[in-house]
Amino acid sequence: MSDVSGVTSSTSSTALSRTSLSNNFETFLKLLTTQLQNQDPMAPMDTNEFTQQLVMYSQVEQQLSTNDKLDDLLNIQKAGGVQSALGYLGWEVSAETKNVPLQNGTGLFNVTLAEKPANVSIGIMDSAGKIVRGITLTGAEFAHDGKLAQDVVWDGKDNNGNQLDDGTYTVVVTATNAAGSTIKNTLLSRGTVTGIDIDKDGNTILKLGDMTLATENVKSIRMPTIIDDGDDTDTGTGT
């Protein structure tokens, strides 16, 4: 896991401020002591100014103490987030994103349409933006229990039948109705959580292979999908 850099930075800043305040306060006390020792007994100095400075130092010290407590609370909160995320390990999660993890040679995603389509074209792109696989679905495949949704199981192969490496791929869906108009679609990506990380801002991140996903973007959790190794075709399993 990476360092919680946001909290570390804040803690370091508070420590530096406290050191600076301490040095300045010591210098102030030395000057004040020297001033008191050398003042004219018949015309003592006005105490109002240094009293105000003492109050100011006290207020800054209180603020730094408050910052320390906030840093402690942040550390506790971040640690709690990681502990909670441990429950995701080994489970299949879904999220509304066009990125799909190819894990163990299989990619899983769900396509939901706003209306019944005539044709649905799916393009799967690699990290370079090249379409490596095209999938075509018909309108009949989106008529399941009155829901215009379809689960797709990608066998991880390209258009030439070559097995692709596991990794993060991007799915683009184009759906049209009988009149040729584009239909709005929603893509839910699915994958198994294989690890947990913390980003530079201290947020808990789920890892689905090499794909990352923020915990707040998780839409659902379920047992990992079991794929029949003997079936190498892309299939829809109707939702």
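Mentor: Let's begin with the second largest pocket, which has a volume of about 240 Å³. Keep in mind that this is a predicted model.

Trainee: Okay! Which residues are the closest to the centre of that pocket?

Mentor: Those are Q103, N104, T106, T192 and T225, out of 13 residues that line the second largest pocket.

Trainee: And which elements give two or more residues to the lining?

Mentor: For the second largest pocket, they are β2 (99-103), β3 (106-113) and β9 (185-192).

Trainee: Which of them gives the most?

Mentor: That would be β9, which supplies 3 residues to the lining of the second largest pocket.

Trainee: How do the lining residues divide into nonpolar, polar and charged?

Mentor: In the lining of the second largest pocket, 4 are nonpolar, 6 are polar and 3 are charged.

Trainee: Back to N104, please. Where is the place of N104?

Mentor: N104 sits in the loop between β2 and β3. Those two strands form a hairpin with 2 residues between them, and N104 is in the turn.

Trainee: What is the phi of N104?

Mentor: It is near 55°, a positive value in a residue other than glycine. As a reminder, most residues other than glycine have a negative phi.

Trainee: Does N104 count as buried or exposed?

Mentor: Exposed: the relative accessibility of N104 is 75%, and the cut-off for that class is over 50%.

Trainee: How many bridges join β2 to β3?

Mentor: There are 2 bridges between β2 and β3, and the strands run antiparallel. Q103 has T106 in β3 as its bridge partner.

Trainee: What about β2 and β7, how many bridges join them?

Mentor: 4 bridges join β2 to β7, again in an antiparallel arrangement. On that side, N99 stands opposite T170 in β7.

Trainee: How many residues of β2 are buried?

Mentor: 4 of the 5 residues in β2 are buried, so the strand is mostly covered.

Trainee: Which strands do W154 and Y169 lie in?

Mentor: W154 belongs to strand β6 (residues 149-154) and Y169 to strand β7 (residues 167-176), so the pair ties together parts that are 15 residues apart in sequence.

Trainee: Are W154 and Y169 buried or exposed?

Mentor: W154 is buried, with a relative accessible area of 0%. Y169 is buried as well, at 9%.

Trainee: New topic: the open sheet. What is the order of its strands?

Mentor: This open sheet has 3 strands in the order β10-β11-β12, with antiparallel pairing. β10 (195-198) and β12 (211-214) stand at the edges with a single partner strand each, so one side of each is left without a neighbour in the sheet. On average, neighbouring strands of this sheet are turned by 35° against each other, direction ignored.

Trainee: How many bridges pair β10 and β11?

Mentor: They pair over 4 bridges, in the antiparallel sense. I198 stands opposite T204 in β11.

Trainee: And which residue takes a positive phi in the hairpin of β10 and β11?

Mentor: It is G202, with phi near 85°, in a hairpin that has 5 residues between the strands.

Trainee: What about β11 and β12, over how many bridges do they pair?

Mentor: Strand β11 (residues 204-208) pairs with β12 over 4 bridges, also antiparallel. There, I205 stands opposite A214 in β12.

Trainee: What separates the C-alpha atoms of K116 and K147?

Mentor: They are separated by 9.3 Å, with K116 and K147 31 residues apart along the chain. For L137 and I122, 15 residues apart in sequence, the C-alpha to C-alpha distance is 8.0 Å.

Notes
Residues numbered from 1 in each chain as written. Predicted model: local features only at pLDDT ≥ 70, side-chain atom pairs only at ≥ 80, totals over all residues. Heavy atoms only, no water. Pairing = 2+ DSSP bridges. Axes fitted to C-alpha atoms, helices over the stretch in contact; angles between N-to-C directions. 1 Å grid on protein atoms, 1.4 Å probe; cavity = no way out; pocket = protein on both sides within 12 Å on 5 of 7 lines; lining within 4 Å. Points joined across faces, edges and corners; volume = space filled by probe spheres on them. Nonpolar A, V, L, I, M, F, W, Y, C, P; charged D, E, K, R; others polar. Buried < 20%, exposed > 50% of the residue type's maximum accessible area, 1.4 Å probe, protein only.
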